[in-house]
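Me: I've got a new structure open and I'd like to go through it bit by bit. Can we do it as questions and answers?

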Amino acid sequence: MQTIPSIAELQARLGDHRAKQQTVGLVPTMGALHEGHASLVRRALEENDIAVVSNFVNPTQFNNPDDLRTYPRDAAADAALLESLGAHYMFAPSVEEMYPQPDTRHFSFPPLDTVMEGANRPGHFNGVCQIVSKLFSIVEADRAYFGEKDYQQLCIVRALARSMGIRTEVVDCPIVREEDGLAKSSRNQLLSPEHRAAASIIHRTLKTAGREFLRRGYDDTRRWVVEQIEAGGLFQVEYFTQADANTLQELVNLERNPEGGITFTCKTGEGIETIQKPYTQGSIMGFIAVQAGPVRLIDNQRF
Ligand code: AMP
């Protein structure tokens with residue numbers, strides 16, 4: 001495993017691999033690597049000859065300066081983990097290497113990026129698209145691996161890849177959780193012991209909501225989820241949205257048809273217009289953002 005800080009050097013190495021007809025898998029990360037990242041790296045190694053893991057805390061996707069300042073960084077531990085996994089390269093550039101000049105590009109993939117994280121973290125997805133598009137162009141990977149932990153990001157990255165007309169296939173990987181169900185995240189290490197001990201309520205509540213939402217209905221589910229998570233006084237729910245898993249647009253109605261089927265109605269992104277679809281298991285998802293003291297956590301669940 002080699003750590004490479006320079007774009008030119010990475011491209012030279014990848015050029016050698018291409019000359020040998022070897023395939024390349026890319027795993028973009030912001031470091032502070034954990035089992036969630038490791039699962040993406042393992043998959044990249046299974047499906048490609050060479051795995052490149054980028055490790056870069058991308059400043060342009062942080063809308064909160066404190067979040068950027070406190071974001072965990074541990075390049076030595078990251079390199080050790082990648083070595084043990086058998087990854088080939090850790091691409092760890094400086095900010096100057098990635099942004100020799102300010103990136104003034106604007107990306108917009110409505111309605112995917114106007115809701116949830118897009119609405120609550122202005123500029124976040126623009127920054128994500130800036131860095132991911134650069135990584136896509138630099139690495140020209142055969143496949144790139146993204147976690148469903150950041151499901152909205154995954155949808156936007158798919159749209160970005162399509163818009164760039166690149167050959168890189170975007171591969172989605174399931175959420176890896178702690179034993180108590182909390183979705184693994186680099187930010188978990190910033191939780192106070194009290195918040196960490198109680199944080200399993202988020203996944204537990206989403207799972208139950210997913211099981212019960214047909215019976216409870218959409219409005220009751222939302223009320224119940226917020227109530228459960230906020231009950232202990234430790235967490236504030238920033239949003240809880242039930243949405244179409246493909247369009248990410250909010251569910252506004254759920255109806256049992258006389259023939260026994262179920263139809264759901266979602267917004268379309270153009271305001272009050274709605275669209276109706278038959279419900280099948282997993283076609284709706286619950287998305288949540290929770291403030292846990294100074295730490296913001298997100299999670300999602302298929303409904
Ligand atoms: P990050 O370093 O947080 O930007 O994440 C890098 C990649 O790892 C993203 O595609 C994330 O969705 C993915 N990832 C982060 N946490 C998890 C997790 N718990 N399970 C699966 N994938 C994850």
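**Around the ligand, then inward**

Me: How far is a polar side-chain atom of His 37 from an oxygen atom of the ligand?

Reply: First, some ground rules: this is a predicted model, where local features need pLDDT of at least 70, side-chain atom pairs count only at pLDDT 80 or more, and totals for chains, interfaces and linings use all residues. Residues are numbered from 1 along each chain as its sequence is written, and side-chain values use heavy atoms, leaving out hydrogens and water. Now look for the polar side-chain atom of His 37 and the ligand oxygen: the distance is 2.9 Å.

Me: Which residues come nearest to the ligand?

Reply: A residue counts as near if one of its heavy atoms lies within 4 Å, and 17 residues are around the ligand. Gly 147 has a polar backbone atom 2.9 Å from a ligand oxygen, while Lys 184 puts a backbone N or O atom 2.9 Å from a ligand nitrogen.

Me: What is the bridge partner of Ala 144 in β6?

Reply: Helices (H or I, at least four residues) and strands (E, at least two) are DSSP runs, numbered from the N terminus. Strands β5 (residues 143-147) and β6 (residues 169-173) run parallel and are joined by 5 bridges; two strands pair if DSSP finds at least two. Across in β6, Ala 144 has as its partner Val 170.

Me: Which residues is Phe 136 in contact with, leaving aside its neighbours within four places in sequence?

Reply: Contact means heavy atoms within 4.5 Å. In soluble globular proteins, nonpolar side chains tend to be buried together. For Phe 136, the list is Leu 26, Ala 144, Phe 146, Val 157, Ala 161, Met 164, Ile 166, Thr 168 and Val 170.

Me: Is Asp 67 buried or exposed?

Reply: Buried means under 20% relative accessible area, exposed over 50%, and partly exposed in between (1.4 Å probe, protein chains only). Asp 67 sits in helix α3 (residues 65-70) and touches Phe 62, Arg 121 and Arg 187, not counting residues up to four places away in sequence. Its relative accessibility is 16%, so Asp 67 counts as buried.

Me: Which side chain does the side chain of Ser 200 make a polar contact with?

Reply: Ser 200 is in helix α10 (residues 200-216) and is buried at 10% relative accessible area. A polar contact is a pair of N or O atoms within 3.5 Å; within protein, one must be able to donate a hydrogen and the other to accept it, and residues adjacent in sequence count only if both atoms are side-chain atoms. At 2.9 Å, the partner is Arg 204.

Me: What is the phi of Gln 21, roughly?

Reply: Gln 21 is in the loop between α1 (7-19) and β2 (24-29), and it is exposed, with 67% relative accessible area. Gln 21 is not a glycine, yet its phi is positive, at about 65°.
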